[in-house]
Amino acid sequence: MELNLTSEQGLLRDSAAKFIGAAGPKIARKFRDSDHSFAPQRLREAGELGWLGILVPESAGGLGLGLTELALVLEQAGRGLVCEPIGLAAISAAALGFAPKPLPLLSRVMTGDALVVPALQERAHGDDPLEPSTEATGTGTTLQLTGQKMFVCADGADGFLVSASGRDGPVLCFVARDALGCTLQPAETVDGRRLAALYLDQTPADLVSPYPSSRDAVDALYNLSLVALSAELLGVMEEAQRITLDYLRIRKQFGKLIGSFQALQHQAANIYLRTEAVRSLIFQVAGNNEPWRIDPAMAAAAKAKASEDALFVTEACIQLHGAIGFTDEHDIGLYLKRAMLLSSLMGNAAAQRRRYVAIAGLTA
Amino acid sequence: MFRHDTPAEASFRTEVRSWLEANLPGSLRDRTTRPPPVELMPWYQTLSRKGWIAPHWPRQHGGMGATLNEQIVMTEELARIGAPHLPVQGLNHIGPILMEFGSEAQQKKHLPPIIDGSVIWAQGYSEPGAGSDLASLATRATLNGDHFVVKGSKIWTTWGHHSDWMFALVRTDPDAQPRHAGISFILIDLHSPGIRIRPIVTIAGDDEFAEVFFDDVVVPAENLVGKLNDGWRIANALLGHERLGTSNPQFALQALERIKVMARATGIIADPAFQDRLAAASINVTALSAMFSHAVELTNNERSLGPESSVVKIFGSELLQSLNELLIEAAGGHAAMEEPVATNAGVVDVAVPFLFSRRVTIYGGSSEIQRNVLARRVLNLPA
Ligand SMILES: Cc1cc2nc3c(=O)[nH]c(=O)nc-3n(C[C@H](O)[C@H](O)[C@H](O)COP(=O)(O)OP(=O)(O)OC[C@H]3O[C@@H](n4cnc5c(N)ncnc54)[C@H](O)[C@@H]3O)c2cc1C
């Protein structure tokens, strides 16, 4: 169903769609087969368009827009299998920008000259984001971190936003890529990208000054990540659906277009249904929450639903293609793989449902 | 649910909540099937006197002219208190149809009694031989000077035996091709001579619907809505609204509450496997609320919500069924008990709402038909 957008939002979506026109499966394949995960120049272009500072308050040099705008851009990024980490950069910039005294790095993050990505996750099944096992010691604004993070999108990153447990609860810190005691161990993902384990050993880190408290900074960045991943998953679902519907309209068997078979029509309707439910949910969450204060239950709900439904949709899309869908040559598999990646990050559907039980007070 | 009320909405919510607490009789709360008219209509009339019976109707016709968010606040508060399911044939079907296609005289005569609850309406579309394939309907209305003569029968007519009037699709041109070009939309006074009505008991044990027989029933020609043989278009024009009405998240919210009470009572709430399903269900209820308000928002902006409303209908109805499946699972050994189950948190109806929920994927266009509609009309798949 069509979204009820302002004309500015419509323009933003159009320009994001135009930007991804130059991306898509072909480019994604190119990066899959190369040592680089993305083109730094394209990230800077996204910066020039203002998207990396989309949530950063105008007073700090950003566009000062909301979650709806972020979701509109990331939905397109998902559709185009965009390799540049626009979402990660934008939410990291937001986390830096919400601070009353942003780190000097913020302006370079917004232009795309420096890449900062979140490093929050510690276990395969997600975890309580507010109780990280990574430890922060020391006082003041320079701390030492010891611990380990998993599944960090570290390729090309100059630094990380790391959550840790300090003396008074969780804190959010900036760790430079080349900081002392900071090591990375990357591993390939199915879609040719890399996720790294991040090891910190007494690593110096800058406290991202709290807004209004550092606990909230961790919470804010975590929930932002969930919404950002969900919006990108929505785009993946949409494009997989589009490709599949096109196929149903041209492939013939038994002398008929296969799209005329009722069993396949009903599965196509199921794909549409899942996609639309995710769209309504994400844009409702986006429209009703401030970027720095997202209702955690809503963020968990969005990520759980988008993760589950994106896998359902992309799996069904493979089936509707028959054997051609099982080949590496055909693009539809790239969408399944992107869905696998995005749905697994920061807690998959089951992990988010487990959190949701606790946060939404379902058993109380 | 996840909207934050504006100050005005918050005070409206408080007003609605305290008024409902004070005015909705306890005996009508958390009912799983629709209470009979003797119990339900006084409540309908109480809402009407308060001016809240038709939030979505414009003020000029006696509605509230409420904003979208006010309508959602109402829905949420009605769900919270467990308000009963009102008869919707007047409020959601014939009312809006008359506002769009009825003559001024028809509007004057029929709209006020819908608002004040003095007249109950029935929808006469389905026939024994015409269900999903509605265009094959055979009930004849022959125009004879200043009146029609109606012969045939309608079936599955909700509240047929409690209703005063029926809006019906009838065949006025037996030779028309395609078949739907020979159908007209008329209003029939169910107290007319020649009408016989037989209530039908459902699997849920209630007499929700009826069969209505017409034996040369005389219907004044002025009861024709719109033009002769133009009934198909009129019936379809507002289908989107009907589909939306049946997927109101109010019912899903009530079902979710019932599951939680039952699961706590039986102790299954502590089981992680059950918790996972409960979370999935609850997240889907949130998604349904989002979809529903998204759809209402589009219709309120007068962008036509045509076949897309099928998506909300399928999602809402199938979700309601899966919630009721979870309910009988939560109830364990109580699942098949006819009487409501007494728990430490109150009495919970289990089997009846489960059985009752089997209807929602059948009426208003079955799930299969809705998927056909989506595939052809929204996804443009080949025939
Ligand atoms: C509780 C309840 C209240 C109702 N109230 C009213 C009312 O007030 N007024 C009124 O007019 N009607 C009412 N109905 C009737 C309802 O609209 C019909 O039941 C519905 O249109 C389906 O028709 P049918 O029952 O004849 O089933 P059929 O059309 O015979 O369908 C049988 C099965 O076949 C499937 N099927 C049929 N055609 C296709 C196809 N082309 N492709 C795939 N599958 C198909 C159906 O989905 C269903 O599963 C009510 C029904 C119920 C259950």
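**Salt bridges in chain B**

In this predicted model, the side chains of Arg13(B) and Glu76(B) form a salt bridge with an N to O distance of 2.8 Å, the term denoting a side-chain nitrogen of Lys or Arg within 4 Å of a carboxyl oxygen of Asp or Glu. The pair connects distant parts of the chain, 63 residues apart, with Arg13(B) in helix α1 (residues 7-23) and Glu76(B) in helix α3 (residues 68-81) of chain B; helices here are DSSP runs of H or I with at least four residues, numbered from the N terminus. Arg13(B) is buried at 13% relative accessibility, and Glu76(B) is likewise buried at 15%, where buried means under 20% relative accessible area, exposed over 50% and partly exposed in between, for a 1.4 Å probe and protein chains only.

Within helix α3 of chain B, Glu77(B) and Arg80(B) are three residues apart, and therefore separated by about one helical turn; their side chains meet in a salt bridge at 3.4 Å, N to O. Glu77(B) is buried, with 2% relative accessibility, whereas Arg80(B) is exposed at 53%. Both pairs belong to a network of salt bridges that links Asp5(B), Arg13(B), Arg17(B), Glu76(B), Glu77(B) and Arg80(B).

A further salt bridge joins Asp230(B) and Arg233(B), with the closest N and O atoms 2.9 Å apart, and Arg233(B) is partly exposed at 49% relative accessibility. Over all chains, the count of salt bridges comes to 38.

Residues are numbered from 1 along each chain as its sequence is written, and chains are lettered from A and ligands numbered from 1 in the order in which they are written. Local features need pLDDT of at least 70 and side-chain atom pairs count only at pLDDT 80 or more, while totals for chains, interfaces and linings use all residues, and side-chain values use heavy atoms, with hydrogens and water left out.

Conventions: Helix = DSSP H or I, 4+ residues; strand = E, 2+ residues; numbered from the N terminus.
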